[in-house]
Amino acid sequence: MRYSIFSVLREAFNGQRGWRPAWREPDPKPAYDVVIVGGGGHGLATAYYLAKVHGLRNIAVVERGYLGSGNVGRNTTIVRSNYLLPGNTPFYEWSLKLWEGLEQDLNYNAMVSQRGVLNLCHTDSQRDAYARRGNAMRLCGVDAELLDREQVRALVPILDFDHARFPIKGGLLQRRGGTVRHDAVAWGYARAADQRGVDIIQNCEVTGIRIEGGRIIGVETTRGFIGAKKVGLACAGRTSQVAAMAGLRLPIESHVLQAFVSEGVKPLLHHVVTFGAGHFYVSQSDKGGLVFGGDIDGYNSYAQRGNLPTIEDVMEEGFALIPSLGRLRVLRHWGGIMDMSMDGSPIIDRTPVEGLYLNCGWCYGGFKATPASGWCFAHTIARDEPHPLNAAYRLDRFATGALIDEKGSGAQPNLH
Amino acid sequence: MRITCPHCGERGNEEFAYLGDATVRRPDDAGAARPGAPEFERWMDYVYLRDNPAGRHRELWQHVHGCRAWLVVTRDISTHAIFSVEDARAAALARPSLVARDAAS
């Protein structure tokens, strides 16, 4: 069923009885051309673009839990493409372009809101660094505006501009950045992929990877063996375990990142704002809650929950930026498991096992990359070679030294 | 999460700094620039590659806001339960090759 104003009106007069499930719940077939492990945003997007762009029909996505139970429903929903380094800028810009056309492409309301992403600077040297970043972005055709203090004040008056330690000197604004309803991204990709014949198999955990003569032949799952000519791994924080089933040891550590939402209030903050003197980012959801987050806790974890010292640190940074936050109550907080690569940049590549492909290392920036990650991973799987957009995200870059240290913020920055 | 320092007693984890996996070994040799050479692979392993297990994990913490001792903590990283905390020096000396190196010097 195609969603439109007419279907909404028809169902309004039909007692809402005509809606159908957005995707099927098929049993796994004995074999597929491509099996994607991981039914999060990246895995579903990969399946969708394999079907749409590359014309493959016999695809399955296997997911251990239910769709949207992992990081695609745990992030702070921010999309942007304000990257500096050559390997990154074109990739994230392509992602933002895909976000801009996503709802029409998927026929699904993902609430894409290009409200602008504002990175604040607090020192003269930071302003210089932002000028450089903004210029690098504009050279790649990405929008960027360097704002002075009064221009920032006109946009976001609630900030503490005269903070004793971190006064606001200006900011770098990307107007095309913003937020997207994250659950709807998973659901929209799932529905669109399902309509193109992709089997989405939930509650189906991969327990082994079967390899014969250096070539993949399928995956063992809790619902039996599923044969596959090609297997793509898109399992985020669990990548190390699944890859170990194929004998791979990766430059990945799993860490916990927490996020928070306040009680709902009237419109207060109209942009995504990031604090430049620490690591804090905040936006206001359409329900009115302030959604914010900060650093990873800093130790290995698979627990999907964090500890109080990091919560305190995030709140302190929030108060330093927006003193009025102190009048709000935090409604919920939660944690997600980040696949922290050692240089802070992702991996989309082939592996030494023929027919096995890897998509991981998104650190705490995977959500914004969802469409381009799926698009590039689909290309890498279908053509058996990387697309120029993900050519720098190689698995062997740690051996060759071609690291992409955009912020130098991998799992252990002191090692690089 | 609270860590029981062998010198200071039980403290909150905000007093500690984390370094990471305690099972990786810094190679003794000066390394090699050629991928594929055993020296290169040993350093590659030490700097970048991790087992990243979803269960019991031996890891290095430093009690930076206390006695400043380096510690080896054995922790379940799926539940944050801590099984043991040892002095890192004692744990390192207990490893075979380093004992041999100490004895030689």
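How many helices and strands does the secondary structure of chain A come to? I found 10 helices and 18 strands; helices (H or I, at least four residues) and strands (E, at least two) are DSSP runs, numbered from the N terminus.

Before going on, I noted that this is a predicted model, where local features need pLDDT of at least 70, side-chain atom pairs count only at pLDDT 80 or more, and totals for chains, interfaces and linings use all residues. Residues are numbered from 1 along each chain as its sequence is written, while chains are lettered from A and ligands numbered from 1 in the order in which they are written.

**Entry: chain A as a whole**

I looked up the radius of gyration, taken over C-alpha atoms, with a globule rule of 2.2 Å times the number of residues to the power 0.38. For 416 residues a compact globule would have a value near 22 Å, and the 21 Å of chain A agrees with that. The C-alpha trace spans about 65 × 65 × 40 Å along its principal axes.

I also checked burial: a residue is buried if 20 or more other C-beta atoms (placed from the backbone) lie within 10 Å of its own, exposed if 12 or fewer, and partly exposed in between. In chain A, 52% of the 416 residues are buried.

**Entry: helix H3 of chain A**

H3(A) covers residues 89-106, which is 18 residues. From first C-alpha to last it reaches 25 Å, close to the 26 Å expected at 1.5 Å a residue (the expected span is 1.5 Å times one less than the number of residues).

Where does H3(A) bend? I found a bend of about 45° at Glu100(A), the angle between axes fitted to the seven residues ending there and the seven starting there.

Among the buried residues of H3(A) are Phe91(A), Leu96(A) and Trp99(A). The buried residues of this helix pack against strand S3 (78-79) and helices H4 (124-139), H6 (182-195) and H9 (370-383) of chain A. After the helix comes Asn107(A), with a positive phi near 55°.

Most residues other than glycine have a negative phi. Gln304(A) has a positive one, near 55°, and sits in the loop between strand S15 (289-300) and helix H8 (308-321) of chain A. Is Gln304(A) buried or partly exposed? Gln304(A) counts as partly exposed, because it has 17 C-beta neighbours inside 10 Å.

Asp384(A) has a positive phi of about 60°. Asp384(A) is exposed, with 12 other C-beta atoms within 10 Å.

Note on methods
Contact = placed C-beta atoms within 7 Å.
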